[in-house]
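This report concerns strand pairing and disulfide links. The structure to which it refers is shown below.

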Amino acid sequence: CVLCSFASQLNLAKFSVGKFVENFHDPKQHGECMEGFMTISEQGLPNLDGRWCGTASGYTIYYSETRSVNVTLRLDKLPQASSSVSNGFEFRLIYKFLRHSDAKLRNDNRIWNGDLVPGSYCNRNFYDCDKRTCRIRSPNYPGIYPRNLTCKYYINHRAPPSGLHAMIVLRQPDGHKLNMKEQATHHEANNRILR
């Protein structure tokens, strides 16, 4: 299989699809897409029903986890011919295939990314990280995070040496690769949950 050794890189060079409407009434609901959205699904992975909408800017690259990617656009309302881009539809996708051997951040065999929890999309079990290098890597890293997805990482240390305690150290040596919100949204302000 020629494509089995490749991953897809999707660059959303221009993206303005539908509108994102914040939901301030229900803290469990983050918001919804109105008038249109985009979905990305991959062969062999569960359907997340995650949707991208609104206008995107900045780093908008998606890396596939599998060899087959399906991008679907839905427009519920066609923009007027004279409308501005902020109220209309704009979509430009650039793609390329990457050899797994060239995707060093994603496919370094010296680093262990944990065992996938059976039946989950991305939950992982980590153990014996004192004996090997372990790395927590979110799905699609270093690209944009998949929508409607929460990953759980279970870090276990079987038995600390006598008289010592197990310590877990999390670090991100390249700070520019870490994207953190500068301000909590309305529904997060009271909860203070790091996701």
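In this predicted model, Glu 42 stands opposite Val 69, a residue of strand S7. Strands S4 and S7 are antiparallel, and seven bridges join them; S7 covers residues 69-75. Of the seven residues of S4, six are buried, so this strand is largely enclosed by the rest of the structure. In a regular strand, side chains alternate between the two faces of the sheet.

The sulfur atoms of Cys 33 and Cys 53 are 2.2 Å apart, and the link is left-handed, with -85° about the S-S bond. Cys 33 and Cys 53 are both buried.

The structure holds three disulfides. Their sulfur separations and S-S torsions are listed here.

| Disulfide | S to S distance | Torsion about the S-S bond |
|---|---|---|
| Cys 33 and Cys 53 | 2.2 Å | -85° |
| Cys 122 and Cys 151 | 1.9 Å | about -105° |
| Cys 129 and Cys 134 | 2.1 Å | -100° |

The disulfide of Cys 122 with Cys 151 has a torsion of about -105° and is therefore left-handed. This pair links distant parts of the chain, 29 residues apart. Cys 122 sits in the loop between strand S9 (115-116) and strand S10 (124-127), whereas Cys 151 sits in the loop between S10 and strand S11 (153-156). Both cysteines, Cys 122 and Cys 151, are buried.

The reasoning rests on the cut-offs: buried means under 20% relative accessible area and exposed means over 50%, with partly exposed in between. The link of Cys 129 and Cys 134 is left-handed, with -100° about the S-S bond.

Note on methods. Residues numbered from 1 in each chain as written. Predicted model: local features only at pLDDT ≥ 70, side-chain atom pairs only at ≥ 80, totals over all residues. Heavy atoms only, no water. Disulfide = S-S within 2.5 Å. Buried < 20%, exposed > 50% of the residue type's maximum accessible area, 1.4 Å probe, protein only. Helix = DSSP H or I, 4+ residues; strand = E, 2+ residues; numbered from the N terminus. Pairing = 2+ DSSP bridges.
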